[in-house]
Amino acid sequence: MFDEIKFNTIDRLPNYVFAQINEIKLRERRAGRDIIDFSMGNPDGDTPKHIVDKLVESAQKSKTSGYSASKGIYKLRLAITDWYKRKYGVHLDPETEAVATMGSKEGYVHMVQAITNPGDVAVVPDPAYPIHTHAIIIAGGNVVKMPFSWNEKYELEVEQFFNDLNKAIRESMPKPKFVVVNFPHNPTTVTVDQSFYDRLVALAKKERFYIISDIAYADITFDGYQTPSILATPGAKDVAVESYTLSKSYTMAGWRVGFFVGNPKLIGALQKIKSWFDYGMYTPIQVAATVALNGPQDCIDEVIQKYQKRRDVLLESFANAGWKIDKPQSTMFVWAKLPPQAKHLGSLEFTKQLLTKAEVAVSPGIGFGSGGEGYVRIALIENEKRIRQAARNIKKYLKDLENEAR
Ligand SMILES: Cc1ncc(COP(=O)(O)O)c(C=O)c1O
């Protein structure tokens, strides 16, 4: 019925490539096969006890069950700005320059919705965490996708990035209203240093665009690398906002807590739109999030060690299986070029074959944009024993591929 009635926004959203993989995964599992699953960025493990205890304590108090503040309770916003002061030496006003969000994904979608007029253009590097692109489409804007590349340590090729960004700005009509950056990057794990942000902020001021920076993986770094914040660049607050999430560092993905900070005009827009959409997170979650940010941080070291160990086991065992992958310095992912024997398959077909022939699930690079073709993303969410089992399965599969090619 009503076939002539269209939902333009929904029609502009592509079908999720990952849905195809999930469907096969489900089918294989129903058939009784034990799939080793590296496909989702969903942290395993438990939230640290002191955070859970605070949630329980707060939930048992009276007057905590009502609607909360949509921009976050003051104590949480203060904990957020204190966190920035401690970690990055950045001073922020908890009233006008910080907003707590229901995870950083919700914050991002609403930030984009708040600042995008129909037909506005935004630049997003490709490949990208899918919502970075699609929130703009949902908001009625247009996305200019920009390629980027990296060296063998997954550090951004900065000169090329700025050449391509300048080209994107020159060729875009209207001029971009904002540029989205996400370093350490999902899915590629690519990192930058502070001087990258110094250049980006200077360019934003010259070309008159805003910057949205997503540092979801700020804490998950290895081998001495430390994530910079764009807001530590002098004058960045004039043009930039940044988001962070408690999902990864504190193993709180299901709690849905994150935040945005920075430019007061953009933060004000997000606060305002959120006041129309929601009544804030459940207060005990906000109280527990305050404790997470203010409390002992050794739980983060444990998370880092867990991912680092898995990364090392994965790189070593996959190399022994005939799949050599460069070593990332950050995130909970490994971004792996397809092994030479499988290059001709492309990332989607390779992912399907890994699932059905090696019982290993990964994410095809093409799902993150055309710039992701030729790669797969492997999330470090299985334990070391299962990583080694995956390597054994993959070794056999790659041998069979080679034999087929003969
Ligand atoms: C780059 C990046 N940003 C944001 C998020 C969303 O995190 P959350 O909504 O849990 O805060 C993710 C989740 O995987 C991510 O990879």
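Okay, housekeeping. Residues are numbered from 1 along each chain as its sequence is written, and side-chain values use heavy atoms, with hydrogens and water left out. Since the model is predicted, local features need pLDDT of at least 70 and side-chain atom pairs count only at pLDDT 80 or more, while totals for chains, interfaces and linings use all residues.

Let's start with charges. Side chains of opposite charge can pair when their charged atoms come close. The structure holds 29 salt bridges, meaning a side-chain nitrogen of Lys or Arg within 4 Å of a carboxyl oxygen of Asp or Glu.

Take lysine 25 and aspartate 37, which meet at 3.0 Å, N to O. This pair ties together distant parts of the chain, 12 residues apart: lysine 25 sits in helix H2 (residues 17–30) and aspartate 37 in strand E1 (residues 36–37). Helices (H or I, at least four residues) and strands (E, at least two) are DSSP runs, numbered from the N terminus. Both lysine 25 and aspartate 37 are buried. On that scale, buried is under 20% relative accessible area, exposed is over 50%, and partly exposed is in between, with a 1.4 Å probe and protein chains only.

Now for lysine 49 and aspartate 53, with the closest N and O atoms 2.7 Å apart. Both lie in helix H3 (residues 49–59), four residues apart, about one turn of the helix. Lysine 49 is exposed at 60%, and aspartate 53 is partly exposed at 36%.

Then there's arginine 386 with glutamate 382, at 2.8 Å. Why does glutamate 382 count as buried? Because its relative accessibility is 11%, and buried means under 20%. Arginine 386 is partly exposed, at 21%.

There's also a network: Arg27, Glu28, Arg33 and Glu359 are linked by salt bridges.

On to the ligand. A ligand oxygen is 2.6 Å from a polar backbone atom of serine 104, and a ligand oxygen is 3.0 Å from one of lysine 105. Threonine 245 brings a polar side-chain atom to 2.6 Å from a ligand oxygen. The protein covers 93% of the 400 Å² of accessible area that the ligand has on its own, by Shrake-Rupley with a 1.4 Å probe.

Notes: Polar contact = N/O pair within 3.5 Å; in protein donor to acceptor, adjacent residues only side chain to side chain.
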